[in-house]
Amino acid sequence: MAQLVQALALGVLIGGIYALMASGLTLIFGVLRVINIAQGAFLILVATFTWWLWRVIGIDPIVAAVITTPLMFGVGWLLYRFVISRIRGQAPSMSVLLTFGLALVIEGVLNVVAGNKFRSATPAYFEESFRVGRVLLPKAQVYGFLAAIVVLGVLYLILTRTWTGRAIRATSQNPSAAALVGVGATGTAALAFALGSASAGVGGSILSVLYPFFPASHYDWISRLLGIVVLGGMGSLPGALTGALILGLAETLTATYASLQWATLVFYLVIMAVLLVRPQGLFGARLREDAA
Amino acid sequence: MNALRALPRRHLAAGVVLLALLAYPIVNPWEPYPQGVLLMMFLLALQASSWNIISGYAGYISLGHSMFLGLGSYTTAIIALHTGLNPFWIAPLGGVTAVLIAMLAGAVVLRTGGHAFVIITIALLLSAQIVAVNWRPLTKGSDGITLELPFWSADFQNIPFYYAFLLLLVLTVLFSGWIGRAKFGTGLVAIREDEGKAASIGVNTTVFKILAYGASSFFIGVAGGVYAYYQTFLNPVGSFAILGSVLIVLSALVGGRGTLYGPVVGAFIVQLVNEGATVYGGSTQSRVLILGLILVAVVLFLPAGLLPTLEAAWRRRHPRDTEYTDQVGALSHRPAVVRERARSRTPDAEPGPLLTVRGVTKRFGGLTAVDGADLTVERGSITALIGPNGSGKTTLFNLITGTMPVDAGTVTFAGRRIDALPPWSRAHLGLGRTFQVTRLFRDMTVLQNVVAPLPDGRLRTMFADAVSGAEAARARDLLGIVGLADFAAQQAGALSYGQQKLVELAQVLMLEPRLILLDEPAGGVNPSLLGRITEVIRELNRAGVTFLVVEHNIPMVLDLCDPVHVFARGRPIASGPPEAIRADPVVLDAYLGEDWRPQDAHA
């Protein structure tokens with residue numbers, strides 16, 4: 001019983017962190033209809049940078065999110081302005097290929113600059129845990145979860161309470177109508193891409209503590225994140241949260257009762273099972289396309 | 001000699017290159033290194049050419065295609081290990097495994113037009129690696145499998161492998177070319193350009209995509225078996241490396257996605273660059289960077305790829321001049337052709353309802369677009385559906401043709417319930433439609449547009465030759481009917497709006513429809529073309545085709561159609577012959593407005 005509660009608690013903690021990571025991907029897709037294959041590479045890029053900040057300057061890896069988040073916001077904005085925006089209006093498959101190329105470039109740069117080896121940031125609390133009854137909650141996981149929840153909350157407030165957020169949501173629903181009422185499509189798109197990248201800023205910093213990583217790890221991560229987003233329904237934020245929770249639980253439960261090696265596989269099987277029943281994902285809506 | 005001249009230049013060039021490659025090991029047998037490089041070029045080229053079927057023709061990008069090479073390798077190696085048979089003879093089974101896995105996964109993720117496919121392609125690759133590492137009894141895990149050495153004398157070096165890969169490459173290209181020429185290929189391109197429209201002209205998009213994914217995996221799987229034998233060793237990391245997929249994607253993109261020879265040319269270039277980077281650039285690490293930079297650069301600056309870009313440049317210098325001479329003749333025997341065909345397909349000349357809509361409802365959130373609507377279309381009639389904007393006419397069309405599912409109610413066509421059928425099945429039953437805003441496949445030629453529809457779901461139809469022979473001849477005839485035979489070779493996107501409407505009509509006629517739904521055939525069309533359209537509609541109707549027309553051009557409707565149904569707020573409010581509708585006060589009030597007087601119709 002305690003084992004089950006332990007697995008569930010860990011699953012929720014990890015699910016919250018996955019939710020943060022996937023939120024950026026789903027936001028970018030919702031507004032731009034771009035599947036950002038480079039999102040995983042963003043995470044690894046930030047994780048590597050965070051590791052360096054921790055190792056060389058001594059900044060706590062999770063606190064480092066304060067630096068990496070605005071940094072990634074800027075990187076995302078520039079990337080959109082100078083690279084991604086050039087293929088607007090082209091077939092959606094081109095954006096998959098372009099962001100795949102960007103992911104490779106980031107992987108290559110990390111390979112050359114940081115070297116092809118496993119890393120992990122191990123601050124003092126790395127191996128400590130909070131004890132709640134008979135359940136052990138690793139401190140790193142708890143801190144990461146809290147940071148993720150705070151950032152998700154802020155993201156939610158930005159999207160629902162500010163003019164910028166309304167502009168982003170309006171553009172995601174109907175770009176041409178948004179443009180007609182004075183929402184500049186390019187500016188909004190750049191903002192959405194920047195916000196999505198910024199979420200990888202926080203996510204990457206948290207990742208550096210929780211998972212060992214190396215440059216090519218981004219394939220694992222993008223595959224996980226895309227899985228979450230597909231499971232929840234492309235472009236749906238509640239869908240991403242649900243998908244993330246399911247992935248977190250599937251992983252910890254499989255790791256507890258079977259073995260960690262099969263955890264990812266179990267998740268893919270869950271995706272296949274869901275898609276078998278609901279081809280559009282859990283929260284995916286089929287909008288009317290005739291009146292676009 | 002004349003036969004050779006008639007061949008397009010690109011086939012001629014491909015033949016010459018093939019002859020040279022066939023001769024190379026004979027001319028220069030003692031150089032293993034260049035042979036090894038060429039062999040890897042063939043392997044990459046056949047993978048890129050296969051990838052092109054799903055990701056080039058159909059536009060569904062696979063980022064994990066090298067998985068099929070690994071699957072083929074493992075299948076062959078495991079069977080060879082247990083049976084002692086020579087891997088060469090088992091290699092085709094590698095292709096079978098690849099097809100099975102592709103079609104199984106495809107059957108799950110390719111049912112929607114969504115983006116689940118991209119992720120699944122990466123996930124499959126990673127999953128395959130996980131399985132290969134962890135299923136030790138079968139795969140020997142990370143230790144990998146070692147195969148016996150080739151049975152031939154060392155004097156032959158790798159020359160048998162050289163020819164094996166070259167043969168597989170030739171087969172792959174022939175296969176891809178055959179698909180491209182068949183209606184299957186046209187349908188795949190239609191899916192790439194506009195999946196919803198493709199479904200409405202009878203393309204079973206789900207089956208097409210699943211078959212395309214399967215077809216794109218077979219030769220890679222076979223090659224995987226041969227490759228395992230060539231390497232005599234395989235392990236999970238090497239067999240399921242994502243870098244292999246990167247090379248495939250890059251090759252097809254560099255050479256020209258969606259073309260026959262583009263992926264081959266691209267693969268030769270990419271493999272040479274890759275080889276160069278390995279020899280001179282050092283590590284795998286920097287190779288990823290180089291490949292990534294090339295990929296980004298190609299997407300941004302050469303999105304069409306090398307071959308199409310060169311071809312376009314060539315075209316600009318050497319414009320075609322003899323394109324439409326042979327089609328002019330089609331115009332002359334136009335009327336006879338129409339009647340003959342339409343009659344052959346519509347034996348049901350006796351009166352009675354062809355289409356019956358009962359209590360059909362569709363809601364979008366809080367908006368009820370169609371509200372318990374009833375509608376009957378009599379066999380052989382030209383029925384009109386008029387009504388103010390937003391009254392639900394187009395939505396009703398979408399419900400009848402299956403573009404969207406009904407919330408409630410039934411649709412019966414020719415005595416058969418069709419409201420649960422997918423759009424393509426309705427098209428196969430003889431239900432055709434045009435769109436309010438034309439939806440031609442803009443990057444296809446006019447002729448390809450007209451050839452694309454499938455009147456039934458049989459495999460024979462699917463794999464019929466599309467670009468020549470009977471289908472193409474019929475398409476030319478139909479273009480003649482709408483008076484556009486001269487434009488067969490033009491890009492559809494280059495036509496005027498009114499011409500596009502006519503092409504769309506010809507496209508629908510290819511379905512041999514019994515009922516055609518026309519959504520605002522007169523919208524945005526100039527008067528002279530409009531005359532042409534009504535003339536064609538009348539002619540087809542005389543030949544037995546029934547019409548349901550949504551139109552705002554009231555004089556045209558009252559002149560052409562009988563009966564006329566008037567729609568308002570999602571349901572019909574009046575029905576009757578045009579004379580009655582013209583005078584009905586309810587209609588005048590709801591739709592035509594108070595200013596409208598009957599005599600205007602004659603003005």
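Visitor: Which residues in helix 8 of chain B meet helix 9 of chain B?

Guide: Ile179(B), Gly180(B) and Arg181(B) in helix 8 of chain B meet Lys183(B), Phe184(B), Gly185(B) and Leu188(B) in helix 9 of chain B. Contact here means heavy atoms within 4.5 Å. Helices (H or I, at least four residues) and strands (E, at least two) are DSSP runs, numbered from the N terminus. A word on the background: this is a predicted model, in which local features need pLDDT of at least 70 and side-chain atom pairs count only at pLDDT 80 or more, while totals for chains, interfaces and linings use all residues. Residues are numbered from 1 along each chain as its sequence is written, chains are lettered from A and ligands numbered from 1 in the order in which they are written, and side-chain values use heavy atoms, with hydrogens and water left out.

Visitor: How are the axes of helix 8 and helix 9 of chain B arranged?

Guide: Axes are lines fitted to C-alpha atoms, for helices over the stretch in contact, and angles run from 0 to 180 degrees between N-to-C directions. Angles under 35 degrees count as roughly parallel, over 145 as roughly antiparallel, 65 to 115 as roughly perpendicular and the rest as oblique. For helix 8 (residues 159–181) and helix 9 (residues 183–193) of chain B, the axes come within 4 Å and cross at roughly 75 degrees. Helix 8 and helix 9 of chain B are therefore roughly perpendicular to each other.

Visitor: At what angle do helix 2 and helix 4 of chain A pack?

Guide: Helix 2 (residues 39–57) and helix 4 (residues 92–114) of chain A pack at about 25 degrees, with axes 9 Å apart. These two helices of chain A are therefore roughly parallel to each other. Among the residues making the contact are Phe42(A) and Leu45(A) of helix 2 and Ile106(A) and Leu110(A) of helix 4 of chain A.

Visitor: Is strand 9 of chain B buried or exposed?

Guide: Buried means under 20% relative accessible area, exposed over 50%, partly exposed in between (1.4 Å probe, protein chains only). Five of the five residues of strand 9 (residues 515–519) of chain B are buried, so this strand is largely enclosed by the rest of the structure. In a regular strand the side chains alternate between the two faces of the sheet. Here, Leu515(B), Leu517(B) and Asp519(B) are buried on one side, and Ile516(B) and Leu518(B) on the other.

Visitor: Which residue stands opposite Ile516(B) in strand 10 of chain B?

Guide: Two strands pair if DSSP finds at least two bridges between them. Strand 9 pairs with strand 10 (residues 546–550) of chain B in the parallel sense over five bridges, and Phe547(B) in strand 10 stands opposite Ile516(B). The chain gets from strand 9 to strand 10 of chain B through helix 24 (residues 527–542), in a right-handed β-α-β crossover. Right-handed means that, with the strands pointing away from the viewer, the path from the first strand over the helix to the second runs clockwise. Strand 8 (residues 431–433) of chain B also runs parallel to strand 9, joined by three bridges, with Gly432(B) opposite Ile516(B).

Visitor: What is the order of the open sheet of four strands in chain B?

Guide: The order is 4-3-6-7, with antiparallel pairing. Strand 4 (367–378) and strand 7 (416–417) of chain B are the edges, each pairing on one side only. Strand 3 and strand 4 of chain B form a hairpin with two residues between them, and Gly365(B) in the turn has a positive phi of about 60 degrees.
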